[in-house]
Amino acid sequence: MDKDNAIEVRDVKKKFKIYYDKGNDLKDRILFRNRSHYEDRWVLKGISFSVKKGEAIGLIGHNGCGKSTTLKLLTKIMYPDSGTIEMCGRVSSLIELGAGFHPDMSGRENIYTNASIFGLTKKEIDKRLNDIIEFSELEEFIDNPVRTYSSGMYMRLAFSVAINVSANILLIDEILAVGDANFQKKCFDKLREIKAEGTTIVIVSHALEQIEQICETSYWIEDGLIKESGTPKYVHEHYLYSMEQKRIEQLEKTHNAEVAGNQTESEKKPEESLPDFCDKSAVRMGTGDVRFTDAQMRNEKGEKQYIFDTEDKITVYLKYKSEKKGLKGNFGYGIFREDSLHCYGTNVSIECDDFVPIEESGEVSVTFQNSLLPGKYFLDVAVHSHDGIIFDDIRRVQSFVVSSSKRDIGVCRLQSEWSVNGKIFKKGVK
Amino acid sequence: MNIFKELYDYRQMIFSLVRKDLRGRYKGSVLGFLWTFINPLFQLLVYTIAFSFILPSPIEKYYLHLFVALIPWIFFSSSVQGGANSIIASKDLVSKIYFPREVIPISYVTSCFVNMLLSFIIIFLVVIVSGVGINPLAMLCLPVIMIVEYIMALGMAMLFSAITVFFRDMEHILSIITMAWIYLTPVLYPINMIENKTIQKLFYINPMTSVIVAYRDVLYYAKVPDLSTLLIAFGFGILILFIGFFVFSKLKRHFAEEL
């Protein structure tokens with residue numbers, strides 16, 4: 001083992017036995033011997049990494065990818081089936097907070113119990129007792145039984161013990177959600193402090209910003225293998241992008257199912273139902289003097305599409321038929337988010353201060369620069385007369401999805417250019 | 001032999017768990033820790049009444065005869081039965097945190113042991129009050145007997161706690177075994193009630209026999225016990241402890257997955 005390293009993990013593999021029908025007692029074992037079939041599931045398929053002393057790393061990945069298992073192997077709760085793990089120094093884990101707490105015993109007594117589980121001797125605990133109590137901000141209550149504590153107080157006490165163990169290696173699993181915002185910040189500052197003192201830290205978390213703030217390296221684990229590692233920010237961007245892709249695939253599936261559902265429905269009641277180009281949830285109003293016969297969302301190449309990037313140009317393409325001749329009217333569209341937030345709406349009259357002549361049949365298209373942030377949206381289209389009579393108005397005529405790999409938040413993207421101390425920062429628009 | 005150094009480092013944990021168990025047991029009750037004494041005291045009272053009036057025994061001071069054997073027996077049987085279940089009972093700790101797993105059965109047995117020691121305060125009182133008196137030389141043997149019993153109880157607890165994790169029936173099998181075992185050990189009757197000397201010898205194959213007989217020699221007869229049979233019991237205790245540690249160390253790696 002390299003003497004600069006605190007943790008070395010070499011080609012670690014771990015499998016779990018998944019029993020189809022597990023018999024744990026004698027009867028089951030004898031009678032149904034054939035039944036206790038099991039399947040080996042390889043949770044880790046060969047993971048290697050090393051962590052330098054005083055370094056912090058983050059493990060990320062979707063649920064069930066093996067990151068918590070990795071942490072359990074590091075804690076020595078479980079052992080790998082092959083490969084080796086070497087660690088140097090005292091290891092403390094913030095996996096289970098408040099282990100061994102007895103509700104009827106006082107906070108002070110529980111500090112002793114809990115800290116002793118981390119392998120501290122009485123002397124060592126005595127030395128840290130004041131720090132622990134001070135950090136937990138529970139001075140007044142420390143001699144009350146723990147069962148009288150609120151859950152926040154309980155967690156604060158537990159976290160204070162765990163973080164004051166002064167380990168050489170600290171393993172953390174998704175626990176920085178302790179207490180109120182103030183205490184969380186305090187925990188975070190404490191983490192930085194002990195990191196500065198040379199403690200090696202391994203964090204498993206879904207809170208990517210936290211990892212970005214404290215870790216030098218991030219490991220993205222997928223299907224039991226390290227898919228990518230490096231600077232947290234970049235790894236996370238790729239990770240989020242891949243998650244987004246998966247989500248979209250899922251959406252596409254449901255969308256296709258919905259379209260299929262639409263068709264069967266329209267076959268059932270051909271007169272009453274909405275035309276095929278409408279979303280299942282669409283609502284139609286109006287006199288019917290003018291009727292839309294098609295509505296599509298298109299990309300720049302003019303192809304039908306319903307998933308767009310935040311930066312895409314989107315075209316709404318409409319076809320109509322009119323029963324009367326010589327009408328003048330006004331076309332409009334609107335966009336609502338899934339939670340019915342009205343994101344945008346405009347019409348020809350607003351834009352051009354004029355009405356347009358409506359022919360017997362025709363087509364309308366409007367192209368806009370999308371800047372909506374990721375989410376599911378609905379398109380409304382309408383055609384009115386010049387004096388406001390609704391000819392046709394279809395709410396939720398189309399649904400579409402916006403995705404983006406950038407992680408800005410809000411409703412829509414405001415193109416931003418940063419200038420700090422005269423130096424201009426701008427990431428190229430892709 | 002790394003495990004012993006590690007266990008030494010975790011001595012505070014053993015201490016904490018024992019304390020938590022002893023203090024936690026009666027927390028919230030009005031009499032609290034006093035129950036530790038009230039329990040055996042009333043047990044004794046019931047035996048005295050039962051075996052004086054309801055079921056008179058030819059043995060003189062039968063209540064004491066029984067009591068000095070029953071308290072150590074309860075320590076042993078609860079260590080084996082409860083100890084076997086101890087790992088499963090501390091599943092939350094075992095599956096979430098690293099510590100030498102041996103700590104769990106050790107602290108369980110130790111807590112039973114401390115409980116027995118506290119009951120001995122009552123025993124001493126009764127021994128003095130009943131007029132049997134205390135033989136100082138015999139009393140010196142008492143710690144030795146206790147240690148021998150502790151070693152045996154610990155060995156059994158280690159062995160079965162590890163096995164029970166993988167084979168849950170063990171718990172129920174053990175409760176039947178200990179139920180039968182009490183009759184194979186002279187707890188309820190004196191060893192010399194078995195008149196056939198060969199059969200009496202056979203009874204000594206059971207290591208608990210020499211332990212119980214030794215307790216009774218010291219506390220009921222106020223005489224120095226036969227240390228040679230105790231030595232065999234000691235040898236047996238060491239053997240079972242060794243097996244217990246060995247099996248435990250083989251199985252403990254898979255505890256977390258199995259729980």
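The legends below describe close-up views of a predicted model.

**View 1. The contact between chain A and chain B.** In this predicted model, the contact draws on 33 residues of chain A and 27 residues of chain B. The area buried between the two chains is about 2800 Å², and carbon and sulfur atoms account for 56% of that area.

View 2. Between chain A and chain B the count of salt bridges is two, and in one salt bridge Glu109(A) pairs with Arg23(B), whose closest N and O atoms are 2.3 Å apart. Side chains of opposite charge can pair when their charged atoms come close. Across the interface of chain A and chain B there are also three residue pairs in polar contact, counted with both residues at pLDDT 80 or more.

**View 3. The side of chain A that touches chain B.** At least two residues of this side come from each of strand E1 (5-19), helix H1 (26-31), helix H2 (67-75), helix H3 (107-117) and helix H4 (122-136) of chain A. Among the contributors, H3(A) gives the most, with five residues. Sorted by class, the side of chain A that touches chain B holds 13 nonpolar, nine polar and eleven charged residues.

**View 4. The largest pocket and its lining.** The volume of the largest pocket is about 1200 Å³, and among the 41 residues that line this pocket, those closest to its centre are Lys76(A), Ile3(B), Glu6(B), Tyr98(B) and Lys252(B). From chain A, H2, strand E4 (82-87) and strand E5 (91-94) each supply at least two residues of the lining, as do helix H1 (2-9) and helix H11 (227-251) from chain B. By class, the lining of the largest pocket divides into 24 nonpolar, seven polar and ten charged residues.

**View 5. A salt bridge within chain A.** Over all chains, a search of the whole structure finds 25 salt bridges, and one salt bridge joins the side chains of Asp143(A) and Arg108(A), with a distance of 3.0 Å from N to O. Asp143(A) is placed in the loop between H4 and helix H5 (151-163) of chain A, whereas Arg108(A) belongs to helix H3 of chain A, so the pair ties together parts that are 35 residues apart in sequence.

Technical notes
Residues are numbered from 1 along each chain as its sequence is written. Chains are lettered from A and ligands numbered from 1 in the order in which they are written. This is a predicted model: local features need pLDDT of at least 70, side-chain atom pairs count only at pLDDT 80 or more; totals for chains, interfaces and linings use all residues. Side-chain values use heavy atoms; hydrogens and water are left out. Contact means heavy atoms within 4.5 Å. Buried area is the accessible area (1.4 Å probe) that two parts lose on being put together, summed over both. A salt bridge is a side-chain nitrogen of Lys or Arg within 4 Å of a carboxyl oxygen of Asp or Glu. A polar contact is a pair of N or O atoms within 3.5 Å; within protein, one must be able to donate a hydrogen and the other to accept it, and residues adjacent in sequence count only if both atoms are side-chain atoms. Helices (H or I, at least four residues) and strands (E, at least two) are DSSP runs, numbered from the N terminus. Ala, Val, Leu, Ile, Met, Phe, Trp, Tyr, Cys and Pro count as nonpolar, Asp, Glu, Lys and Arg as charged, and the others, Gly among them, as polar. On a 1 Å grid over the protein atoms alone, a cavity is a set of points where a 1.4 Å probe fits but cannot get out, and a pocket is an open set with protein on both sides within 12 Å along at least five of seven lines; lining residues have an atom within 4 Å of a point. Grid points are joined across faces, edges and corners, and a volume is the space filled by probe spheres set on the points.
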